[in-house]
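Here are my notes on this one, jotted down as numbered points. Have the structure open while you go through them.

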Amino acid sequence: MFNFKSFSDSGIYEDLAREFVNNRHNVYVVAPTEKRNNADTAVTECGDNYALLRVKTGNLQKTGFIKKGIATVRVSAQFKKAIKKHFRGIKFDVILYSTPPITLYDAIKYFKNRDNAKTYLLLKDIFPQNAVDLGVLTKSGLKGVIYKYFRGKEKKLYAVSDRIGCMSEANKAYIIEHNSGIDVGKISVVSNSIEPRNVDLTADEKIEMRNKYGIPQDKRIFVYGGNLGRPQDIPFIIECLKSLKDNKQAYFVVVGDGTEYGKLQNFAETEKPTNLKLLKRLPRDDFDRMIAACDVGLIFLDRRFTIPNYPSRLLSYMQACIPVLACTDSNTDVGNDIVNDGYGWWCESSDPKAFAALTEKICSMSGAQLSETGETAKRVLYDKFTVKTSVQKITEDLEHENTGL
């Protein structure tokens, strides 16, 4: 699983793995340790019924497209070699894996055939179409050759998977529509999920957290936490911030890092907006407490996306009991879900004025109204986005596979 830190850490992959462990399954997690970490392949955690194998790979994130592409192509062989060496003698009943990357096909196929294992793909990323949407790849010319290579790997990964868990209904519909011949019966919705933690802050603790990071006490605080890359369309975010530079009620906190961070940093340094605080990534506990000290969580997705993304950072806001303002493309259903379930607002990420109008509307709301919307967010989290629900769904799907019903 990519982006897996530790069995004791928090996140969509860590929480899911820990829930399987708590349900008395033997869990073996394989995750990359990128070249930049200067660490060799090794088992770094081991318990009675779990183990974590970190495999030395190239740099898969926050690096140039060519280097990332080469590292992504090589990762399947690296995983296969490491698993055979470090988990020697272990027979796998179920292989659970996520995208990105889509290039794990060869390793998945090998262990599936070797152990007669069931395979379950958690689809978190639809590549290479997302790269086409953002102009990184094309379907013709030299870049088209690269696209066709990765598209072939994508199709093979779907074919080798006994089950595919999509993040949302729109995600599921997209896969069915754009992959003719795929077995519709093996596709389910398995939402991003976490094991919710109590990050509630008292009024005094909120004041303390805001003071710690130099955030005003008398403003409505809008926070964005997460990746700052091409998918977020940083130039658009900058236009949104410019449209609200004279707003005396709204204050924006951006916490994160990524390939496009420099653009936002340059904007902050050159134009010096008085209602923006830009912070690099924070330790997980500090990050969660920071979110809980704010008023509204922000989601941004590039308007060019034709694939329906469903950002997992949504769950951090819901856990912190704050409402969500989503500014996305029209193909994802995350905005509709937020509005229909009553815990936030949505506008399309094509017009900074629409974002500004919603921001001003939120600033005019009472604290009680905002708190009520945040409470709704937390209720929906417990209803729809817990790892207990995800594990139950995955288990039911696998039991269906075993019985053939």
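Predicted model: local features only at pLDDT ≥ 70, side-chain atom pairs only at ≥ 80, totals over all residues.

1. The largest cavity comes to about 80 Å³.

2. What lines the largest cavity? There are 13 lining residues, and Ile 237, Leu 241, Val 254, Leu 298 and Phe 300 sit nearest the centre. By class, the lining is 13 nonpolar, with no polar and no charged residues. Strands S8 (220-227) and S9 (250-257), together with H8 and S11, each put at least two residues into this lining.

3. While you're in that part of the model, have a look at Cys 240, which belongs to helix H8 (residues 234-243). Is Cys 240 buried or exposed? Its relative accessible area is 0%, so Cys 240 counts as buried. Beyond the neighbours within four places in sequence, Cys 240 touches Phe 300, Pro 352 and Phe 355. Phe 300 also turns up among the residues nearest the centre of the largest cavity. Cys 240 and Ala 356 are 116 residues apart along the chain, yet their C-alpha atoms are separated by 6.8 Å.

4. Now the second largest cavity, with about 70 Å³ of space. Its lining includes Ile 12, Tyr 13, Leu 16, Ser 191 and Asn 192. H1 is the top contributor here, giving three residues.

5. Ser 312 sits in the loop between strand S11 (296-300) and helix H11 (313-319). With a relative accessible area of 32%, Ser 312 is partly exposed, because that value falls between the 20% and 50% cut-offs.

6. On to open space: the second largest pocket holds about 930 Å³. Of its 31 lining residues, those closest to the centre are Tyr 28, Phe 92, Val 94, Ile 95 and Leu 96. Which elements supply at least two residues each to this lining? They are helix H1 (12-22), strand S1 (27-34), helix H2 (65-86), strand S4 (94-99), helix H3 (105-115) and helix H15 (387-403). By class, the pocket lining splits into 22 nonpolar, five polar and four charged residues.

7. Two cis peptide bonds are worth a look on screen. One runs from Thr 99 to Pro 100, with omega near 5 degrees, and Pro 100 lies in the loop between S4 and H3. The other joins Phe 127 and Pro 128, with omega about 20 degrees. Pro 128 is in the loop between strand S5 (118-123) and helix H4 (129-133).

8. I'd also check the backbone at two residues with positive phi. Arg 24 isn't a glycine, but its phi is near 70 degrees. Arg 24 is in the loop between H1 and S1, and at 77% relative accessibility it counts as exposed. Lys 272, likewise not a glycine, has a phi of about 45 degrees. Lys 272 falls in the loop between helix H9 (261-271) and strand S10 (276-279), and its relative accessibility of 59% makes it exposed.

9. Lastly, the chain as a whole. The protein chain has 15 helices and 13 strands, and its C-alpha trace spans about 65 × 50 × 45 Å along the principal axes. A compact globule of 405 residues would have a radius of gyration near 22 Å, so the 21 Å found for this chain agrees. Of the 405 residues, 55% count as buried. Among contacts with a separation of 6 or more, 71% link residues 24 or more positions apart. The chain exposes about 18500 Å², with carbon and sulfur atoms supplying 48% of that area.

Notes. Residues numbered from 1 in each chain as written. Heavy atoms only, no water. 1 Å grid on protein atoms, 1.4 Å probe; cavity = no way out; pocket = protein on both sides within 12 Å on 5 of 7 lines; lining within 4 Å. Points joined across faces, edges and corners; volume = space filled by probe spheres on them. Helix = DSSP H or I, 4+ residues; strand = E, 2+ residues; numbered from the N terminus. Nonpolar A, V, L, I, M, F, W, Y, C, P; charged D, E, K, R; others polar. Rg over C-alpha atoms; globule rule 2.2 N^0.38 Å. Buried < 20%, exposed > 50% of the residue type's maximum accessible area, 1.4 Å probe, protein only. Contact = heavy atoms within 4.5 Å. Areas by Shrake-Rupley, 256 points an atom, 1.4 Å probe, with all protein chains shown as cover.
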